[in-house]
Amino acid sequence: MCGIIGVASKTNQALQMILQGLEKLEYRGYDSAGLAYVKENNIVITKTKGRIKDLEEKINKQDHASIGIGHTRWATHGEANEINAHPHQVGKITIVHNGIIENYQELKKKLESFGYSFRSSTDTEVACALLDYYYQQTKSVEKAIQVFMKEAIGSYAIGLLCQEEKETLYALKKDSPLILASSKDTNFMASDIPAILEYTNTYYLLDDYEYAVITQDQISFYNKEGEPLQKEEKHYDATKEASSKGSYPHYMIKEIMEQPDTIWKTMEPFVEDGLASLKKLPSLKKYDRIDIVACGTAWHAGLVGKYFLEEYASIPVDVCLASEYRYKRLFLSSRVLVIFISQSGETADTLAALKRVKQEEGDTLGIINVKDSSIARFVDRVIYTQAGCEIAVASTKAFTAQVAILILLALTAAYEKGTMKEKEVLTFLEELRHLKAKLTPLLSNREVYQKIAEELYQKEDIFYLGRGLDYDLMMEGALKLKEISYIPSVCYAAGELKHGTISLVKEATPIIASCTNPLLDPKTMSNLKETKARGAKIYLITNNEELAKDKDIDSVLLLEKTSEFLVPFLVIIPLQLLAYEIALLRKCDIDKPRNLAKAVTVE
Ligand code: M6R
């Protein structure tokens, strides 16, 4: 989850480049930060608890360097403080690390018996000592890396400096992402592309058990035996503006506002030419069951996908949390497809679940946002969402892009299986083509959400209720609010309330609900009235004009009447905006919420 960067430059601007890169990587983790650089004959280390701006203040403004490494941390072992912050230095070796060394306790004991002692509570300091130990034995960093790769269990992307080779930077990787890149005068290593977009948008990928040797002149790649490798140059299809806030105060609001474009960009290749383009999506005809595996918001997108695949294509779908799926019995066969959904393509649990399915020879499909990410490269087939760089920790535009693909997959499957007629499919495709125009008014109406936010931002808890598809969407709405505003918000299937939870409803408890399904709406309305009878205040999102007039509803957002295929987009955008406005009033750190990080690359 941490962000790492390394720079070897012909200029003396390495410090600035590292700091700039770390700022771009800060969304990966932001509880402490540090960097190390070569100054004259020494490796200087500066670290701090807090953010990159705190680190910037601590750095000696007179210093210049042409080589160095930097780190922004999301604590795994040991609290967020200066001692535990990276870089760690042991003997001749200094490293920054993203990942977890699982056998660090065992390695620590062994290294202590060789005379090493440790200051921090981190696994990274142990990794550093292990690298130093083998360096001292072999007097070769490369040999030390090769033995380290055999002995360390777990995940790592490491940037390394050695006291005896001050013009060289090393990078090694297993199970945590790492890229290498070159601009005209500088070579980089980084955990993520935004760190280097300012300088270049071509890059190389390091695979597991590979390492790179980086100088200001070149980057060389090796496998774990030390044999040289040729790497294919990759191109990232975005400019540096893609990872900047532009004129918005937060990435989250920028990303919410981008949705009409990102949803359209994601759908366009599959809807532009009617059925001919829909057929570009993979066929689901041979499958009797689909398992969807994901975490967090991507899991919610999976729930929405399940609704459409089951309702319209009659395919039974299980939606599983990756952290559970990776350890459960799987019941796979050639008639089961496993779909992995992930924005980052690096989520550790989702990746581990995928590896298990591959081991059991299951069929896999990925719906992934980040090109060439680990999950994207490992699945049998990948469909890329076109959400672009999503920087805010709270996922918004990636969710709607994932839902767009799942809806199109359901339409394809329904057409193939004959559960929907060609004419019906074409009608829905046509409606999706006009989605953009329907979303724009929802986004330009911020005062509506600001007004509700004023009423809600000081509440101690907020309930979200719905049935069917509305329940799935409310779960995502409640997650958005929890993540960025820290207001405890629970989401319940409306019919489940009476089985215990209604005991929490008291005078003025806010209930946010959506009713967009004529078959289920009367039931949900009855449940809402039960809460009203106990003093609740009801905020309803609906496309049903009659319900909107109900006297028990305190506040209504009336949506345009559309087919169900458009409902997820129309319902979730108001919920995203409401969470944003509430967090804004509570003065929360919206893009970097407490304790969270963007890509969850540890289990
Ligand atoms: O990168 P992924 O889509 O695999 O991430 C999955 C979750 O960690 C992610 O959706 C998380 O729940 C977000 N912070 C939600 O806003």
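**Close-up 1. Tyr209 in the loop between strand 11 and strand 12.** Tyr209 sits in the loop that runs between strand 11 (202-205) and strand 12 (210-214). The model shown here and in the other views is predicted. Tyr209 is not a glycine, yet has a positive phi of about 60°.

Close-up 2. The phi of Asp175 is positive, about 65°, although Asp175 is not a glycine.

**Close-up 3. The peptide bond from His86 to Pro87.** This bond is cis, and its omega is near 0°. Pro87 is found in the loop between strand 4 (67-73) and strand 5 (88-90).

**Close-up 4. Surroundings of the ligand.** The ligand is surrounded by 14 residues. Ser342, Gln343, Ser344, Thr347 and Glu483 are the closest of these. A polar backbone atom of Gln343 is 2.6 Å from an oxygen atom of the ligand. Ser344 contributes a polar side-chain atom, which lies 2.7 Å from an oxygen atom of the ligand. For Val393, a polar backbone atom is 3.0 Å from a nitrogen atom of the ligand.

**Close-up 5. Helix 9 against helix 17.** Helix 9 covers residues 296-313 and helix 17 covers residues 469-485. Their axes come within 9 Å and cross at roughly 170°. Helix 9 is therefore roughly antiparallel to helix 17. On the side of helix 9, the contact involves Gly296, Thr297, Trp299, His300, Leu303, Val304, Tyr307 and Phe308. Helix 17 meets these residues with Leu469, Asp472, Leu473, Met475, Glu476, Leu479 and Lys480. Sorted by class, the contact of helix 9 with helix 17 has nine nonpolar, three polar and three charged residues.

**Close-up 6. Helix 13 against helix 14.** The view shows helix 13 (residues 397-417) and helix 14 (residues 422-433), with axes that come within 10 Å of each other. The crossing angle is roughly 165°, so helix 13 and helix 14 are roughly antiparallel to each other. Helix 13 and helix 14 make a left-handed crossing. Ile407, Leu408, Leu411 and Tyr415 are the contact residues of helix 13. Those of helix 14 are Glu422, Val425, Phe428, Leu429 and Leu432. The contact of helix 13 with helix 14 counts eight nonpolar residues and one charged residue, with no polar residues.

**Close-up 7. Helix 16 against helix 20.** Helix 16 (residues 446-456) and helix 20 (residues 567-585) have axes that come within 8 Å and cross at roughly 55°. Helix 16 is therefore oblique to helix 20. The crossing of helix 16 with helix 20 is right-handed. From helix 16, the contact takes in Arg446, Tyr449, Gln450, Ile452, Ala453, Glu454 and Leu456. From helix 20, the contact takes in Pro574, Leu577, Leu578, Tyr580, Glu581, Ile582, Leu584 and Leu585. By class, 11 residues of the contact of helix 16 with helix 20 are nonpolar, one is polar and three are charged.

**Close-up 8. Ala548 and its contacts.** Ala548 belongs to helix 19 (residues 545-548). Leaving aside residues up to four places away in sequence, Ala548 touches Thr542, Val556 and Leu558. The view also includes Cys515, which is 33 residues from Ala548 in sequence. The C-alpha atoms of Ala548 and Cys515 are 9.8 Å apart.

Key:
Residues numbered from 1 in each chain as written. Predicted model: local features only at pLDDT ≥ 70, side-chain atom pairs only at ≥ 80, totals over all residues. Heavy atoms only, no water. Axes fitted to C-alpha atoms, helices over the stretch in contact; angles between N-to-C directions. Helix = DSSP H or I, 4+ residues; strand = E, 2+ residues; numbered from the N terminus. Parallel < 35°, antiparallel > 145°, perpendicular 65-115°, else oblique. Left-handed = near helix turned anticlockwise from the far one by under 90°. Contact = heavy atoms within 4.5 Å. Nonpolar A, V, L, I, M, F, W, Y, C, P; charged D, E, K, R; others polar. Near = heavy atom within 4 Å. Polar contact = N/O pair within 3.5 Å; in protein donor to acceptor, adjacent residues only side chain to side chain.
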